[in-house]
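Hello,

Please find the structure below, with notes on what was found in it.

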Amino acid sequence: PNAERHLLFNYRHALTVGSGADMMLTKVMNLIRYFLVLVLVGAFFIASLSYRFIAETKITTVIPPERAARGSPDSIARSPAVTENNNDAIAKHNSATTHSRHLDGFASRSQKGTHASVYSGTQAHGNDDCAWYKKPSSPKGPYFLTAVLLVRIYYEDLAGLSSREMFQWLHYLKYAGIEHLYVYDAYILRNESQSHALAPYIQEGFVTYVDWSHRANPYSIDGTQLSSYQDCITRWGSESVWQTAIDIDEYPFCLTDQKPGFMTRYVKNFSALHSEVSEITMQNYLFLGKPLPDKEQAFLFGKLWRRTRNHGNTLVKPIYKPVDISSAQVHHNALSRGHTMDAPDGQFRMNHYWGARLQNWGEDKPEIIAITEEDRSMEPIVRDIARCINNKDLYTKRWN
């Protein structure tokens with residue numbers, strides 16, 4: 001019996017020791033698993049931060065060839081595509097000689113620091129009325145008037161704003177007297193990028209292209225739109241005496257002057273009368289209703305002829321002096337000096353082509369007719385641009 005009890009004791013002791021070892025092994029394996037999970041989570045977190053850092057500090061900019069050539073000696077000036085660190089871009093820009101390429105021929109010779117345009121090439125269609133469309137040379141000095149555009153062109157857009165509408169708007173800006181355009185492309189899908197579509201205008205020297213896709217998704221007013229406007233002011237603000245930030249369905253319009261260069265002339269006259277003004281705001285008039293079909297009229301600003309009798313809303317758009325902006329905003333910038341003044345309704349406004357947006361993209365409704373009136377004041381400009389430009393891009397629907 002004693003031997004049996006001793007054997008049973010040894011057996012139970014062995015079981016106890018074995019169970020303890022198994023438990024210890026299980027704990028060790030669980031600790032290893034937890035450690036590996038923490039390592040993976042940490043690696044993912046670090047990778048995310050690294051990607052965001054790279055996205056925030058690396059901007060792909062396609063600069064007109066002559067502008068790239070004016071950068072630092074080490075810059076790849078002969079390539080129109082320049083990928084550079086944002087801080088380096090600012091440093092290069094500040095150290096480079098500013099330049100200008102006036103497109104309209106209306107820059108005042110008495111304006112300090114600016115120069116009248118000198119055109120190269122032949123006349124468009126042999127008609128001096130089309131001089132605004134000619135490719136300009138590059139006189140020294142800042143631009144008098146530029147524009148900045150944040151845009152996303154995508155097929156699912158209910159308004160149907162495609163690359164075609166962007167081209168039409170771009171040529172309208174040329175007609176109005178805009179001398180250079182900074183395009184911030186906030187595409188989400190790679191095939192939405194407008195870099196290829198805008199290549200001729202970059203090569204011509206009219207467009208500076210900035211890939212803004214790293215700020216496009218998720219979209220926000222501060223993170224996507226305002227950041228693009230602020231970036232343009234920071235990097236290139238000293239290149240412009242005046243600038244405007246508008247969308248491709250927004251058309252500045254002068255009620256008393258529809259000849260080429262009208263916007264340049266208006267801003268010069270206004271600023272001469274009000275030297276203390278650093279920002280001129282354009283009241284927002286909506287053009288509403290079902291647009292004409294393409295077979296009747298391809299131009300967006302020729303498809304709609306009914307305008308709200310009064311301001312469509314209070315969402316004005318600004319024309320501003322970049323050097324006087326402390327913080328970019330959509331409607332009223334924060335100014336470091338000077339003040340804001342509205343352009344009088346009877347002189348200058350913004351034509352905003354909303355189309356059938358307020359009628360759910362359907363047929364015209366009585367309530368839309370009731371708040372609008374016929375306005376064909378844009379017809380002379382539509383005719384002039386159509387006469388001067390024989391470019392299929394203005395008539396063919398495309399998305400990139």
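At roughly what angle do the axes of helix α4 and helix α7 cross? This is a predicted model, in which local features need pLDDT of at least 70, side-chain atom pairs count only at pLDDT 80 or more, and totals for chains, interfaces and linings use all residues. Residues are numbered from 1 along each chain as its sequence is written, and side-chain values use heavy atoms, without hydrogens and water.

The axes of α4 (residues 163-176) and α7 (residues 262-273) cross at roughly 50° and come within 5 Å. Helices are DSSP runs of H or I with at least four residues, and strands are runs of E with at least two. Axes are lines fitted to C-alpha atoms over the stretch in contact, with angles from 0 to 180 degrees between N-to-C directions. Tyr 172, Tyr 175 and Ala 176 of α4 meet Phe 262, Met 263 and Thr 264 of α7 (heavy atoms within 4.5 Å).

Aromatic pairs come to 18, counting Phe, Tyr and Trp (six-membered ring) with ring centres within 6.5 Å; planes under 30 degrees apart are stacked, over 60 edge-to-face and the rest tilted. Tyr 251 and Phe 301 have ring centres 5.0 Å apart and planes at 40°, so the pair is tilted. Tyr 251 is buried at 0% relative accessible area, and Phe 301 is buried at 0% (buried means under 20%, with a 1.4 Å probe and protein chains only).

Regards

Conventions:
Buried < 20%, exposed > 50% of the residue type's maximum accessible area, 1.4 Å probe, protein only.
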